[in-house]
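Hello,

Here is the structure you are taking over, with notes on what turned up in it below.

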Amino acid sequence: MRSQHNNPTPVSNYFNSITDFSISPNPNNGVFQIKKSNNLEVKIEIIDAIGQKLFSAIKSEQSKSYDLSYFPKGIYFPDFDTF
């Protein structure tokens, strides 16, 4: 991965930018909040147990609430990508 100026980006910096987040409450009833400690734009996807993408959003806010209670009860996995 390289930055815009062709300078190498340390892998540790890249992973810290993605993993510095929290989801609460966990478990939840479909209503939850995602918090992150940086201003990076993040693509958030919610994936079900068989790998289908059920929800996708791009977020730059440090804290945002989501209501996905219209999905059936089950286990879902968040996937985060930075831009």
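β3 and β4 run antiparallel and are joined by six bridges; strands here are DSSP runs of E, at least two residues long, numbered from the N terminus, and two strands pair if DSSP finds at least two bridges between them. I46 has F55 in β4 as its bridge partner. This is a predicted model, in which local features need pLDDT of at least 70 and side-chain atom pairs count only at pLDDT 80 or more, while totals for chains, interfaces and linings use all residues. Residues are numbered from 1 along each chain as its sequence is written, and side-chain values use heavy atoms, leaving out hydrogens and water.

The open sheet has three strands in the order β4-β3-β6, paired antiparallel. β4 and β6 (76-82) are at the edges with a single partner strand each, so one side of each has no neighbour in the sheet.

E45 pairs with K43 at 3.2 Å and with K53 at 3.4 Å, which links K43, E45 and K53 in a network. E45 is buried, at 10% relative accessibility, whereas K43 is partly exposed at 26% (buried is under 20% relative accessible area, exposed over 50%, partly exposed in between, with a 1.4 Å probe and protein chains only).

Regards

Technical notes:
Helices (H or I, at least four residues) and strands (E, at least two) are DSSP runs, numbered from the N terminus. A salt bridge is a side-chain nitrogen of Lys or Arg within 4 Å of a carboxyl oxygen of Asp or Glu.
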